[in-house]
Number of protein chains: 2
Amino acid sequence: MANPTAAILLIGDELLSGRTRDSNMFFLAQELTRLGIDLKLAMMIPDEAQTITDTVRDVSGRFDHVFTSGGIGPTHDDITADAVAAAFDTPIGVRDDARALLEASYTPRGIELNESRLRMARIPDGAALIDNPVSAAPGFSIGNVHVMAGVPRVFEAMCHALLPGLASGRPVLSQTWTVMRGEGEIAARLGEIAADFPDLAIGSYPFSKDSVYGTNIVVRGVDGPQVEAALVILAEAFPA
Amino acid sequence: MANPTAAILLIGDELLSGRTRDSNMFFLAQELTRLGIDLKLAMMIPDEAQTITDTVRDVSGRFDHVFTSGGIGPTHDDITADAVAAAFDTPIGVRDDARALLEASYTPRGIELNESRLRMARIPDGAALIDNPVSAAPGFSIGNVHVMAGVPRVFEAMCHALLPGLASGRPVLSQTWTVMRGEGEIAARLGEIAADFPDLAIGSYPFSKDSVYGTNIVVRGVDGPQVEAALVILAEAFPA
């Protein structure tokens with residue numbers, strides 16, 4: 001059976017302006033590989049409500065899991081929760097369970113649960129909360145869409161809370177064979193080997209180090225013995 | 001007049017598996033901001049011909065510029081040039097001008113221009129070459145789609161060759177005001193200020209440092225005096 005598929009939506013002008021370098025996608029991509037969930041698409045989109053709604057609607061219909069990052073804080077530019085609710089035609093408002101989580105965190109520290117902070121308790125009807133052990137304000141899952149924070153430490157904590165409960169698949173194994181020859185020299189034989197293993201993804205990644213050209217050949221697949229078999233063939237074809 | 005818009009397509013399984021952390025999008029996003037080209041979308045997609053073709057067709061119709069990265073080397077998994085040609089229903093084959101560039105680089109070094117390396121001279125009919133001062137094999141522009149290499153050093157060199165000739169706009173100016181208060185405290189007033197400057201993008205980015213919460217307020221826009229005016233208001237509302 002094929003592994004479940006996934007898309008990641010990174011929401012935020014700061015990514016598209018080049019102010020912030022993504023780390024959430026990079027983190028989650030590795031986690032999904034480990035879980036056997038095939039990440040097929042990552043998108044960075046701006047803080048625009050209609051764009052978020054349209055994109056969520058599109059990708060949630062095409063992939064088994066959709067993960068979003070960003071836009072669920074207390075400020076005016078935090079519009080993800082409302083945009084996702086719109087994508088599902090679902091009402092959204094302050095929910096008691098989310099409010100209780102904020103109160104339990106803020107009240108003992110003497111922090112007022114003002115109107116802005118209460119925005120973080122706006123959860124679409126029927127959504128399940130995603131625990132936030134870092135800063136209390138929860139994420140949520142609605143349908144196959146999992147809405148998480150943009151701050152990397154919070155995003156990662158939410159992933160750790162969310163991922164174990166998701167339908168996953170067979171972990172994708174990866175092995176790298178490094179050849180100290182340029183891609184152009186090994187390409188013909190490598191192409192034949194790749195064709196002999198249609199169930200594996202065999203990628204070729206050139207590098208140069210101290211003016212010497214080399215190629216990392218990465219073999220990926222869910223079938224361990226097959227990955228090993230390809231490695232043996234590669235080692236024969238391109239001795240170290 | 002509004003700035004031109006752009007999308008970036010990062011093509012490669014190694015990004016989606018989490019093996020490689022993107023740096024090309026991060027680099028180009030900053031360059032585009034400087035040039036006044038509004039990056040509205042970045043996508044990471046796998047090495048799948050049909051996905052590349054469909055995505056290029058879609059985004060090239062929606063944005064003024066499309067930049068791609070990855071998949072133009074000599075190996076079996078380098079399928080971007082053919083997939084882009086298919087998106088434009090354009091024939092593709094080894095072109096003399098591209099072949100001459102490869103020969104000029106390889107022949108003096110005694111490197112054979114074999115069939116694999118010749119794949120890098122496959123250019124769609126009518127495309128303009130993008131110079132590659134690092135490793136000779138050119139990128140190309142067809143319509144509004146600019147096809148570049150995935151290796152960061154080559155990608156960046158191609159950007160430097162390409163970008164000065166593109167239709168650009170007014171550079172987007174950015175100023176940051178840092179407030180040593182949490183987002184939840186400043187959100188209400190910040191929202192009012194953002195509403196007073198509809199032509200600016202005012203983003204709010206929380207951070208915590210040594211257990212103290214703070215917020216970076218980032219003001220972005222093409223009108224310098226307006227950006228400055230917003231900064232003055234922010235400094236009054238949230239004194240340092």
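Strand β3 (residues 65-69) of chain B pairs with β8(B) in the parallel sense, over four bridges. The model is a predicted one. On β8(B), both faces are covered. The points below start from this strand, then move to helix packing, the strand pairing between the chains, and the open sheets.

**Around β8 of chain B**

- Phe67(B) stands opposite His146(B) in β8(B).
- β7(B) and β8(B) form a hairpin with two residues between the strands. In that hairpin, Gly143(B) takes a positive phi near 55°.
- Strand β8 of chain B covers residues 145-148. Val145(B) and Val147(B) lie on one side, His146(B) and Met148(B) on the other, and all are buried.
- In general, strands of a sheet pair through backbone hydrogen bonds, in either the parallel or the antiparallel sense.

**Two helices that cross in chain B**

- Helix α3 (residues 49-62) and helix α4 (residues 80-87) of chain B have axes that come within 8 Å. These axes cross at roughly 45°.
- That angle makes α3(B) oblique to α4(B).
- The crossing of α3(B) past α4(B) is right-handed.
- From α3(B), the contact uses Ala49(B), Ile52(B), Thr53(B), Val56(B) and Arg57(B).
- From α4(B), the contact uses Thr80(B), Ala83(B), Val84(B), Ala86(B) and Ala87(B).
- What kinds of residue make up the contact of α3(B) with α4(B)? Seven are nonpolar, two are polar and one is charged.

**Chain A as a whole**

- Chain A has nine helices and 11 strands.
- Its C-alpha trace spans about 65 × 40 × 35 Å along the principal axes.
- Of the 240 residues in chain A, 53% are buried.
- Take the contacts in chain A between residues at least 6 apart in sequence: 68% of them join residues at least 24 apart.

**A buried helix side in chain A**

- Helix α7 of chain A runs over residues 152-162. Its buried residues include Val154(A), Phe155(A) and Ala157(A). Met158(A), Cys159(A) and Leu162(A) are buried too.
- What do the buried residues of α7(A) pack against? They pack against α2 (24-35), β3 (65-69), β6 (128-130), β7 (139-142) and β8 (145-148) of chain A.
- An α-helix has 3.6 residues a turn, so residues three or four places apart point the same way.

- Strand β1 (residues 5-11) of chain A pairs with β2(A) in the parallel sense, over seven bridges.
- In this pair, Ile8(A) stands opposite Ala42(A) of β2(A).
- β2(A) also pairs with strand β2 (residues 38-45) of chain B. The sense is antiparallel, with three bridges.
- Which residue stands opposite Met43(A)? In β2(B), Met43(B) does.

**The open sheet of chain B**

- Three strands of chain B form an open sheet, in the order β9-β11-β10, with antiparallel pairing.
- β9 (173-179) and β10 (201-209) of chain B stand at the edges with a single partner strand each, so one side of each has no neighbour in the sheet.
- From one strand to the next, the twist averages 20°.
- Helix α8 (residues 183-196) of chain B packs on the sheet and touches β9, β10 and β11 of chain B. Its direction makes about 165° with that of β10(B).
- Helix α9 (residues 224-237) of chain B also packs on the sheet, touching β9 and β11 of chain B. Its direction makes about 5° with that of β9(B).
- Seven bridges join β9(B) to the antiparallel strand β11 (residues 212-221) of chain B. There, Val179(B) stands opposite Thr215(B).

**The open sheet of chain A**

- Chain A has an open sheet of three strands in the order β9-β11-β10, and the pairing is antiparallel.
- Its edge strands, β9 (173-179) and β10 (201-209) of chain A, each pair on one side only.
- β10(A) and strand β11 (residues 212-221) of chain A run antiparallel and are joined by nine bridges.
- Pro206(A) stands opposite Thr215(A) in β11(A).
- Helix α9 (residues 224-237) of chain A lies across β9 and β11 of chain A. It runs at about 5° to β9(A).

Key. Residues numbered from 1 in each chain as written. Chains lettered and ligands numbered in written order. Predicted model: local features only at pLDDT ≥ 70, side-chain atom pairs only at ≥ 80, totals over all residues. Heavy atoms only, no water. Pairing = 2+ DSSP bridges. Axes fitted to C-alpha atoms, helices over the stretch in contact; angles between N-to-C directions. Contact = heavy atoms within 4.5 Å. Buried < 20%, exposed > 50% of the residue type's maximum accessible area, 1.4 Å probe, protein only. Parallel < 35°, antiparallel > 145°, perpendicular 65-115°, else oblique. Left-handed = near helix turned anticlockwise from the far one by under 90°. Nonpolar A, V, L, I, M, F, W, Y, C, P; charged D, E, K, R; others polar.
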